[in-house]
Amino acid sequence: MRYPDPAVFGHDPWWLILGKALAIFVFLLLTVLVAILAERKILGRMQLRYGPNRVGPFGLLQSLADGIKLALKEGLTPAGVDKPIYLLAPIISVIPAITAFAVIPMGPVVSVFGHRTPLQLTDLPVAVLYILAVTSIGVYGIVLAGWASGSTYPLLGGLRSSAQVVSYEIAMALSFAAVFVYSGTMSTSGIVAAQEKTWYVFLLLPSFAVYVTAMVGETNRAPFDLPEAEGELVGGFHTEYSSLKFAMFMLAEYVNMTTVSALATTLFLGGWHAPWPLSLIGGANTGWWPLLWFVAKVWTFLFVFMWLRATLPRMRYDQFMALGWKLLIPVSLVWIMIVAVLHSANITGVIPGLIAAAGLLLALLAVNALRRRLIHHHAPAPPPPTATGAFPIPPLPGQPAPNATTARETADA
């Protein structure tokens, strides 16, 4: 049996369930350690500077040193905080980020010490909705951290994060709807099995574009890192946190990045299926090899996270909210209607091409609308300043100097 049948889940012995859960936890921790180091190295190279290069050979032990440093630092609790909630907030952020990975398929059915088991902890008929529900709980940790700190700027950062989740989780959920329509299931293993021949990134390009944008906003990463915008909020919701409590927030951020990257891989990049032309090799999608393809796809998305951070400036908050409510959500609604109508027509061999063409056209229209909004939209020019005759006033772009004559006459006098 190559693809996991839903009936195979729930029959593993207890030691195998415990082993798979522990393996997922270790995988996420190691991914976080490597991702922090890789991000600092990549940002350094992109900004023409050295990244970490002191601790260990080529700086490879920098993440471990940072973790030890945070663990040994004094944990300060400011006066005036709501202590129980203040201490509970980092835990609320970390636990949902890790438990969401329980339904991510990382490979097909394999043999572990003589037991046939899928490389997936469990699966549900509504597994994708489970991921949405669990990851939505994580924002409570951020909101409660801002509120319990008893400080204005952390509170504003927590409120921003809740607004981002409300805005971008709607667009994210709508991008899933086209996948559900086309695959006929909400089970993650079923969605991966439906992409054996064609990945949904080619058939459902607008859904993929909306999801990638929403997942960056959902994880509060640049250019959408407004809940911790140090320019106006100092450090955001975790301003008053230090030591291990601060480390838990960082852990939650990077685990969330890994989770949304794994979900993007599952829904749109064929999950653990080997990419072409490796898929033409016999046995590429059997055994333990698919685990390698899955990890490589996840790291591709993690690299995109880091690339965006090094490339794009932070958006203004009104631009960020307008992008979610005025572009992503309308595009998702129109796209769901197109997919539903064309898929219900059920013309064999023609519908996939029509859906792909319609998706490409809609994606181009959306990109053009975004370009016009962000580049060609300007606020009305302010009125020219009145001439005082005292000092020359430099002209605004496209306007003559309002007091050039007066300034010249004053200089001659």
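1. The structure, which is a predicted model, holds one cavity of 30 Å³ or more. The volume of the largest cavity is about 340 Å³.

2. Which residues lie nearest the centre of the largest cavity? They are Ile142, Glu218, Thr219, Asn220 and Asn256, out of a lining of 25 residues.

3. Three helices, namely helix 4, helix 5 (152-183) and helix 10 (243-268), each contribute at least two residues to the lining of the largest cavity. With eight residues, helix 10 gives the most to this lining.

4. Sorted by class, 13 of the lining residues are nonpolar, nine are polar and three are charged.

5. Helix 4, one of the contributors to the lining of the largest cavity, spans residues 127-148 and includes Ile137. Is Ile137 buried, partly exposed or exposed? Ile137 counts as partly exposed because its relative accessibility is 42%, and that class lies between the limits of under 20% for buried and over 50% for exposed.

6. With residues up to four places away in sequence set aside, Ile137 touches Ile92 and Pro96. Ile92 is 45 residues from Ile137 along the chain, yet the C-alpha atoms of Ile137 and Ile92 are separated by 7.6 Å.

Technical notes. Residues are numbered from 1 along each chain as its sequence is written. This is a predicted model: local features need pLDDT of at least 70, side-chain atom pairs count only at pLDDT 80 or more; totals for chains, interfaces and linings use all residues. Side-chain values use heavy atoms; hydrogens and water are left out. Helices (H or I, at least four residues) and strands (E, at least two) are DSSP runs, numbered from the N terminus. Buried means under 20% relative accessible area, exposed over 50%, partly exposed in between (1.4 Å probe, protein chains only). Contact means heavy atoms within 4.5 Å. On a 1 Å grid over the protein atoms alone, a cavity is a set of points where a 1.4 Å probe fits but cannot get out, and a pocket is an open set with protein on both sides within 12 Å along at least five of seven lines; lining residues have an atom within 4 Å of a point. Grid points are joined across faces, edges and corners, and a volume is the space filled by probe spheres set on the points. Ala, Val, Leu, Ile, Met, Phe, Trp, Tyr, Cys and Pro count as nonpolar, Asp, Glu, Lys and Arg as charged, and the others, Gly among them, as polar.
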